[in-house]
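User: Hey, can you walk me through this model? I'd like the overall picture and then some details.

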Amino acid sequence: MDQSEASPTAIISDQVSVNGNVTLLTLTSDGELRWTERRQRCLIVEKQVLGFVMEGGKVRIKTLVDNGDGVCCRGSNGALVRKDFIFQPLTEESGRLWCQHLRNYLDSLGRPRRLFIFVNPFGGKKSASKVFLDVVKPLLEDADVQFTLQETKHQLHAKEVATVLDLSKYDGVVCVSGDGILVEVVNGLLTREDWSAAIKTPLGLVPAGTGNGMAKSLLDSVGEPCKASNAVLTIIRGHKRSLDVATILQGQTRFFSVLMLSWGLVADIDIESEKYRWMGSARIDFYALQRIIHLRQYNGRISFVPAPGFESYGEPTSYTGEPTGKQSTLKSGQEQRVMIQKHGYQGSDVNLVHLDWRIINGPFISVWLHNVPWGSEGVMAAPDAKFSDGYLDLILIRQCPKLSLLSLMANLSNGNHVKSPYVLYLKVKAFVLEPGTLTGDSTKGGIIDVDGEVLAKGNGAYKCEQKTLMVYDKLQMTVDQGLATLFSPVSHS
């Protein structure tokens with residue numbers, strides 16, 4: 001028989017007592033705990049076992065398994081519950097050996113041992129503190145993961161902490177929140193002097209906010225529900241994947257985005273519906289209907305470098321943006337990165353001038369760029385988006401009858417909106433937005449929404465009294481492939 005097809009060997013196998021009955025318990029080399037208790041049972045250590053403790057002469061295995069009594073090798077209905085399994089070795093020496101082999105196997109998995117955790121008590125339904133106490137804390141304690149807790153006190157607090165945090169003390173940073181805290185942490189890490197090492201810190205997401213687009217994208221990629229327990233198990237297991245980071249540049253001002261940028265209809269709905277927050281999640285649908293009935297269009301222009309296969313969109317043009325640092329020529333097909341330590345990361349140092357730019361003129365109903373598939377738990381904005389392909393997905397609507405627009409928006413939950421003949425859907429490597437005023441009213445501008453926050457706004461826009469990071473003028477986006485790192489679930493197939 002081929003060695004790859006050989007049956008797994010036993011790391012340890014011994015008689016134990018389970019519920020008063022003696023049975024053979026085996027830990028196999030491929031990480032399965034097998035025993036018989038009325039029927040054959042098994043636990044996959046890597047997937048289901050959080051940790052264990054010795055209590056007197058008994059070993060308590062702490063697990064997170066399928067809802068009900070579904071202790072089996074394969075398959076999952078998505079819902080996870082904590083469950084303990086207790087067995088008693090027949091001798092003291094056997095107990096010592098079981099603990100030694102279980103500890104060695106768990107240690108071999110490379111799981112994080114120390115985490116820094118942000119909890120945003122103000123986000124979404126203000127449920128993050130409860131999610132932490134009810135779900136996150138018990139699971140981490142079961143897995144013997146040490147953690148330091150930081151509740152955010154105000155906007156940008158997480159960015160301030162991430163800028164100075166001693167990362168050598170931790171194996172990762174976790175955000176129990178919506179997407180906003182993750183964005184703050186990424187911006188904080190990239191403003192550090194040691195940004196190139198800091199941004200490699202694995203980042204974890206536990207959904208506890210309004211949108212939860214990144215957590216939904218991660219868990220949905222393997223068919224799991226967007227639940228806190230699934231997200232915490234993802235972090236405990238310690239698997240990682242890289243994540244593209246977009247640099248938004250305007251003059252000397254930079255902002256690092258990991259989720260999306262929108263201007264026009266989507267931005268107006270996202271930001272202006274805040275005044276109906278008392279309605280809960282229904283506010284989005286309610287205000288979307290208002291915005292479609294009283295449809296706005298904005299003058300403006302977009303320029304972009306298309307990904308391979310999308311060169312037919314728009315018309316040829318020359319580079320209209322601004323340099324992202326020192327601008328050097330490309331060498332051996334690889335992008336150069338600026339290493340200016342004092343001021344943090346400066347963005348991709350690619351020679352944008354020599355790339356093949358395309359242009360599309362407005363007016364526009366909506367301009368939407370996405371880094372991952374889901375914008376929130378109920379909006380699959382960019383079904384073809386990948387976490388680290390080096391491109392942003394552009395979803396563009398220029399003209400669309402109101403009834404078709406209503407139908408299109410109803411398909412956001414499954415991604416079928418991109419199949420509409422009124423939608424242009426393409427991938428871009430670099431992007432320049434030149435936002436203009438409302439058609440029919442040159443005194444009013446729109447809102448540029450980045451990762452759920454107002455980045456810039458025109459005259460007469462909603463919340464126009466609030467100061468923003470950038471002005472309502474030309475801005476540029478470039479993409480760094482796989483710059484950040486996320487704790488990520490793995491397929492169970």
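This is a predicted model: local features need pLDDT of at least 70, side-chain atom pairs count only at pLDDT 80 or more; totals for chains, interfaces and linings use all residues.

User: Fine. How many helices and strands does the protein chain have?
Analyst: The protein chain has 11 helices and 26 strands.

User: And what share of the residues counts as buried?
Analyst: Of the 493 residues in the protein chain, 53% are buried. The accessible surface comes to about 21600 Å², and carbon and sulfur atoms hold 50% of that area.

User: What about contacts between residues 24 or more positions apart?
Analyst: They make up 70% of the contacts in the chain with a separation of 6 or more.

User: OK, on to strand 22. How many of its residues are buried?
Analyst: Strand 22 covers residues 423-438 and is mostly covered, with 14 of the 16 residues buried.

User: Which way does strand 15 run against strand 22, and over how many bridges?
Analyst: Strand 15, residues 298-306, pairs with strand 22 in the antiparallel sense, over eight bridges. One place to look is Ser303, which stands opposite Val432 of strand 22.

User: How about strand 21?
Analyst: Strand 21 (residues 392-397) is also antiparallel to strand 22, with six bridges. There, Ile395 faces Tyr425 of strand 22 as its opposite residue.

User: And strand 26?
Analyst: Strand 26 spans residues 475-487 and runs antiparallel to strand 22, joined to it by four bridges. Leu433 has Leu475 in strand 26 as its bridge partner.

User: What sits between strand 22 and strand 23?
Analyst: Two residues; the two strands form a hairpin. Gly440 is in the turn and has a positive phi of about 90 degrees. Strand 23 (residues 441-445) pairs with strand 22 in the antiparallel sense over two bridges, and Thr437 has Gly445 as its bridge partner in strand 23.

User: Switching topic: how many aromatic pairs are there?
Analyst: There are 11 aromatic pairs in the structure. One of them is Phe87 with Trp98, an edge-to-face pair at 5.5 Å centre to centre and 65 degrees between the planes.

User: Which parts of the chain does that pair tie together?
Analyst: Phe87 is in strand 7 (residues 80-89) and Trp98 is in helix 2 (residues 92-108), so the pair ties together parts that are 11 residues apart in sequence.

User: Now Tyr319 and Trp357. What kind of pair do they form?
Analyst: Tyr319 and Trp357 form a tilted pair, 5.3 Å from centre to centre with 50 degrees between the planes. This pair links distant parts of the chain, 38 residues apart. Tyr319 lies in the loop between strand 16 (315-317) and strand 17 (336-337), while Trp357 belongs to strand 19 (residues 357-361).

User: Which residues do ring pairs link into a cluster?
Analyst: Phe116, Phe118 and Tyr170 are linked into a cluster by ring pairs.

User: Last one: what sits over the ring of Trp374?
Analyst: The charged end of Lys216 does, at 4.5 Å from the ring centre.

Definitions and conventions: Residues are numbered from 1 along each chain as its sequence is written. Side-chain values use heavy atoms; hydrogens and water are left out. Rings of Phe, Tyr and Trp (its six-membered ring) pair if their centres lie within 6.5 Å; planes under 30 degrees apart count as stacked, over 60 as edge-to-face and the rest as tilted. A charge sits over a ring if NZ of Lys or CZ of Arg is within 6 Å of the ring centre and within 35 degrees of the ring normal. Buried means under 20% relative accessible area, exposed over 50%, partly exposed in between (1.4 Å probe, protein chains only). Two strands pair if DSSP finds at least two bridges between them. Contact means heavy atoms within 4.5 Å. Accessible areas come from the Shrake-Rupley method with a 1.4 Å probe; for residues, only the protein chains shown count as cover.
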